[in-house]
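Dear colleague,

Please find below the structure that I am handing over to you. My notes on it come after the sequence and coordinates.

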Amino acid sequence: MSIDRRKFLGVAAGASALVLAGKASVDALASGSQPKQGGSLANTRWAMVIDPAKCLKDKGCTACIAACDKVHNIPDFKNPKHVVKWIWKEPFKDAFPEQEDEYTIEQYKDKPFILMCNHCNNPPCVRVCPTQATFRREDGIVMMDWHRCIGCRYCMAACPYGSRSFNWLDPRPHIAHLDPDFPTRTKGVVEKCTFCEERLARGEGPACVEACEAKAMVFGNLDDPDSEVRQLLKARFSIRRNPELGTQPEVYYLV
Amino acid sequence: MRDKGLIFAGLVFFLVLITFPVWYDLAAGTTSKGPDPKLPTAEKDCVAPLEYMRTSHMDLLLSWRDQVVRQDRLTYKAFDGKTYDMRLTGTCLKCHTNKEEFCDRCHTYAGVAPYCWECHIDPALAQRSRG
Amino acid sequence: MFMLEKAVVGSRRYWIWVGCLLAVILAGFLCYLLQLQVGLGITGMSRDVSWGLYIAQFTFFVGVAASAVMVVLPYYLHNYKAFGKITILGEFLAVSAVTMCMLFIFVDMGQPMRVLNVILHPTPHSMMFWDMVSLSGYLFLNALISYVMLESEREGVAPPHWIKPIILLSIPWAVSIHTVTAFLYNGLPGRAFWLTAILAPRFLASAFAAGPSLLILLAMVIRKLTKFDAGSEAIQKLALIVTYAMLINVFFVLMEVFTSLYSNIPADASHLKFLFVGLDGNTELVPWMWTSVTFALLSLVLLIVPRYRKNEKLLAFTCVIVFLSLWIDKGIGLIIGGFVPSPLETVTSYVPTLPEITIVASIWAIGMLMITVFYKIALSVRHQLG
């Protein structure tokens, strides 16, 4: 079979274009969890380590939840269908449904666990957001841009942990005390825990961690080998919620 | 010209409608003098020159918004070298403490209703909710 | 220019029908204004069931829109002449259905004024971005095709040669719109009910049963009201398409049921339990799902037996129950069932509220109004030609 130079060049060009287009589309589809540029956030990977044993000592304590609610102007909707919560308690069997077992450690079986957004390293919510209103920062925090959110709630469908809340109504009338240092949100946008990124920018720690009297929550930088979170994870076994889904959550529970 | 009356009435109605902006102000006693925002007394300089702020404060705010939320930046170096946090309530409203007497004056005159206030808090409002 | 003048002359019956539709549209519009004012809290959706009737209806009608390919493909690709009269009806049905889909999405947005952010900040890794692209493209394609073909018919000339490749493009595009819609659901790791490779094929199979059923019913209604007759060969061929599509769809559903129940993984099986038996005392959807199953099985009997399928009166009944069965399965069961139980195993009830139902009804009415106007134009054009 003979082939002239023109035909050969044409086939080569066509094949290269196809390969490049294929690579580009695979990249585009996978780029959901790539961190955004900018900021001096390299070499930081924020994580939270929670020790449920310490937390449960003071049963009924909700200091972390109250602190978050106050500092972020979380509205209090009486209708449970409309509840907005960034940090909350859930019984062990619901926080870790795949661990359901009748012989689960007595210590934890019916006790509440503190849950919040896991700030996954491979977040499905970021992958699905059509406007990049939720995006993963270089330092690992999965951020919310409430100016861009169109309220499609696709991220709520994608989150395997139930971490996200939607403002079904105007939140302002349902906020007891407005803290002017942090904006409220408006109806029609999704919100969730942001690891107190506004406090981190000021050099403070997350409000829940600082409010916990039992010191059950430790927040720190996983990329720093000397950080307390690294030491804790080295010393003790920990579990994360639904790790088999590949989301790589950054909230660890010491057991 | 059977419909002379109807046409004439229609023309008068149209003229009344089209000159509405002129005679309404005169009749209501309001003048079109222009907005009169009350300037703050604490500081003399804003984060940018006056003329720029007059024409483009929205551009500045949008740029601040994207820098703070999407690029995790906090500090802004003003034209006179001073640094400020890029915050609406925390910086702008620290000097312009009375939103109604400053911001709203021009906004109402120009007929714009920026939705920033749906989320960003006016400290005077927060005061009322606390007290 | 769009031959709209043909839609504003009509009999008393025509205007009463249009008037009823406009009344429903007005009621829905007023409810939507309420929703804009108060927020999506006026619907029955909740933190756990964050998508409801709006998105469920969108999912179903994307299928109806895609089903136009079932008349376009045989006629334009394989020269099946019997579909000659009916293709324009299929294309107009597609335009109306896609518009309904876009309206369902729009009314579901929490911040609809920001919807252009999807275009201003294109996000190729989000399936919702591609959904917008494919739906908009499909709407444009079908609107262009319908207009050009009808205009050519009116002028009595052959259609321009460049419309043929556009018509051929609409065939894979139709498959793509429903595949992308399935991708919205079946790429989510936390929703076991939707995380299945067969979701897109299942969507297509049910679409190719529901859409042609609706087309058959529309053809029968038009035959009663006007001089237009699609021809019994076309109707019978469509019925055969519905038969095979319904068979494949039921087979796919049974595959899903087997996988969930035999593997007995709680996360998978619990959704089926909620839908067909009830969970934690919540049995809201159980009667709906069993109605859907009964209709589906009955319709299979009425479709497979040739004597029943060829009886056009019976076929009309069959098409109604096919449409209803699939509307329940896709338009209610699939979406709500995906959210209940939640990933934390909570069971939350979802009951659409009256304003929500009114808004949904008004979007149906808009779709029906579009079909009415389009078909009136198309049939008037054909009357003119004798």
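Please bear in mind that the model is predicted. Chain C and chain A meet through 41 residues of chain C and 52 residues of chain A. The area buried between these two chains is about 3800 Å², with carbon and sulfur atoms giving 55% of it. On the chain C side, C:Arg47, C:His125 and C:Leu344 lose the most area to chain A, and together they account for 24% of what that side buries.

Across this interface there is 1 salt bridge; it joins the side chains of A:Arg153 and C:Asp108, at 2.6 Å from N to O. There are also 28 residue pairs in polar contact. By class, the side of chain C that touches chain A comprises 20 nonpolar, 16 polar and 5 charged residues.

Over all chains, the aromatic pairs number 33. In chain B, B:Phe20 and B:Trp23 form an edge-to-face pair, with 5.3 Å between centres and 80° between planes. Because they are 3 residues apart in helix α2, about one helical turn separates them.

In chain C, the rings of C:Trp327 and C:Trp364 have planes at 65° and centres 6.0 Å apart, so this pair is edge-to-face. C:Trp327 belongs to helix α13 and C:Trp364 to helix α14, so the pair ties together parts that are 37 residues apart in sequence. C:Trp327 is buried, at 15% relative accessibility, whereas C:Trp364 is partly exposed, at 30%.

Finally, ring pairs link A:Tyr154 with C:Trp51, C:Tyr185, C:Trp194, C:Phe203 and C:Phe339 in a cluster.

With kind regards

Terms used. Residues numbered from 1 in each chain as written. Chains lettered and ligands numbered in written order. Predicted model: local features only at pLDDT ≥ 70, side-chain atom pairs only at ≥ 80, totals over all residues. Heavy atoms only, no water. Contact = heavy atoms within 4.5 Å. Buried area = accessible area lost by both parts, 1.4 Å probe. Salt bridge = Lys/Arg side-chain N within 4 Å of Asp/Glu carboxyl O. Polar contact = N/O pair within 3.5 Å; in protein donor to acceptor, adjacent residues only side chain to side chain. Nonpolar A, V, L, I, M, F, W, Y, C, P; charged D, E, K, R; others polar. Phe/Tyr/Trp six-rings, centres within 6.5 Å; stacked < 30°, edge-to-face > 60°. Helix = DSSP H or I, 4+ residues; strand = E, 2+ residues; numbered from the N terminus. Buried < 20%, exposed > 50% of the residue type's maximum accessible area, 1.4 Å probe, protein only.
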